[in-house]
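Here is a note for a colleague who is meeting this structure for the first time. Please keep the model open alongside the points that follow.

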Amino acid sequence: MRALTAPALLLDAGNTRLKWALAETCPGLLSSPWLAADHCGAVVVGSSTMATLVEQLAAQLMGVLAGAAPRAIVVCGVRHATAMTALAHELQQRWPDAAFSMMKAQPEFISPDGTKKLHSPYHPSGSLGADRWASLIGAMQGLPDSIRYAVVVNAGTATTIDALCCEALTAESASGAAAGKTAIWRHGGGQILPGLRLMWESLAQGTANLPHPDADAHAPRAIGWGQNTAQALEQGVWDAQIGALLLALSRVSAMPLTPANPVSTTPVVALILAGGHSQGLLKALQDAHLSMLEKNLPGVAAVTLLAVPELVLRGLAFAIPAASAPA
Ligand SMILES: Nc1ncnc2c1ncn2[C@@H]1O[C@H](COP(=O)(O)OP(=O)(O)OP(=O)(O)O)[C@@H](O)[C@H]1O
Ligand SMILES: CC(C)(CO)[C@@H](O)C(=O)NCCC(=O)O
């Protein structure tokens, strides 16, 4: 295991799992390796108290931190406000010397080096889930300049689908020091659906004869037309999710842009899959022959498919306070 020098602890407090990563620096491109497997993990939420969850987290971190404390803690979460307050309290008690911050969605985010800005029209801005905001930041930071449109999917307890576009590349000097281009990105808004497991569970709860899912939500099977109840349920829910993604892809390229970025050609759109079901969705899209489907998406030249399960944590890395950066 590689020892980390004064890492920051990043936490994504979801409804199912508390996911963590230790990061020394901001991550680079989506395709580049960021986290070693032993520098990230998760604690299952269940009915545990925050005190127990932080206890379990500390136990997982013990080997990696080797007795040291994180220099900063950056949290985003979508739990109830009282649960988030309790989590903040437990973390600050456990690591009192670490700079602590909680990410909240804002109308604007500016990257630490000033080269990227993200605007969101969501209203009120703080009502956008912090996990959605963090993943938009992670996606914006990771996409190459050649890609101007993205659909960002967080597939966890809920599935969220968000539109992202780069509306301008300005020649202004971002920091005032080094001259360079600033990319202005815009969140176009999004959608919230029940996640895969919730869809299956709600069918079982709301009907007399449908069974609880025995489908393996992690790995879809190519079924097509179900030949029995289990197959029909399995395929129905995967198709509902995939169908929503395809509609979103066809819609994103119609986002109105500024004159600085006119839509003169059909764009390449990045489809970025994050969260616990990201690998399953990736396989489902491959099974559905996305390469053939994309030919029928109006206004889209091609789809670049990326699965980045820990995208929320990558976004959080850009909120590590500058004062705590290593010397
Ligand atoms: N390898 C895996 N580990 C844990 N959960 C997985 C895995 N693969 C699929 N899942 C499913 O992913 C879901 C949890 O995903 P994730 O941890 O991203 O969500 P979450 O913690 O509920 O976050 P949010 O509340 O933001 O949706 C569960 O429905 C679970 O069944
Ligand atoms: C939709 C979830 C539950 C997904 O984790 C989360 O992002 C959330 O609680 N959002 C708040 C509502 C919103 O984003 O509009």
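How are H1 and H2 oriented to each other? Point 2 takes this up, after a word on conventions.

1. This is a predicted model, in which local features need pLDDT of at least 70 and side-chain atom pairs count only at pLDDT 80 or more, while totals for chains, interfaces and linings use all residues. Residues are numbered from 1 along each chain as its sequence is written, and chains are lettered from A and ligands numbered from 1 in the order in which they are written.

2. The axes of helix H1 (residues 50–65) and helix H2 (residues 81–94) cross at roughly 45° and come within 9 Å; axes here are lines fitted to C-alpha atoms, for helices over the stretch in contact, and angles run from 0 to 180 degrees between N-to-C directions. H1 and H2 are therefore oblique to each other, given that angles under 35 degrees count as roughly parallel, over 145 as roughly antiparallel, 65 to 115 as roughly perpendicular and the rest as oblique. In the contact, Met-50, Ala-51, Val-54 and Ala-58 of H1 meet Ala-83, Ala-86, Leu-87, Glu-90, Leu-91 and Arg-94 of H2, where contact means that C-beta atoms, placed from the backbone, lie within 7 Å. The residues of this contact of H1 with H2 divide into eight nonpolar, no polar and two charged; Ala, Val, Leu, Ile, Met, Phe, Trp, Tyr, Cys and Pro count as nonpolar, Asp, Glu, Lys and Arg as charged, and the others, Gly among them, as polar.

3. Ala-130 lies in helix H3 (residues 130–142) and is buried, because 22 other C-beta atoms lie within 10 Å. Apart from residues up to four places away in sequence, Ala-130 touches Cys-76, Gly-77, Val-78, Met-103, Lys-104 and Ala-105.

4. Around ligand 2 stand Val-78, Ser-127, Leu-128, Gly-129, Asp-131, Arg-132, Gly-156, Ala-158, Thr-160 and Ile-192, each with its C-beta atom, placed from the backbone, within 6 Å of the ligand. The elements giving two or more residues to this shell are H3 and strand E9 (158–170).

5. One backbone detail deserves a look: His-123 and Pro-124 are joined by a cis peptide bond, with omega about -10°, and Pro-124 lies in the loop between strand E7 (116–119) and H3.

6. Val-269, in strand E11 (residues 268–274), counts as buried because it has 27 C-beta neighbours inside 10 Å. Beyond neighbours within four places in sequence, its contacts include Tyr-149, Val-151, Leu-249 and Val-300.

Technical notes. Helix = DSSP H or I, 4+ residues; strand = E, 2+ residues; numbered from the N terminus. Contact = placed C-beta atoms within 7 Å. Buried ≥ 20, exposed ≤ 12 C-beta atoms within 10 Å, placed from the backbone.
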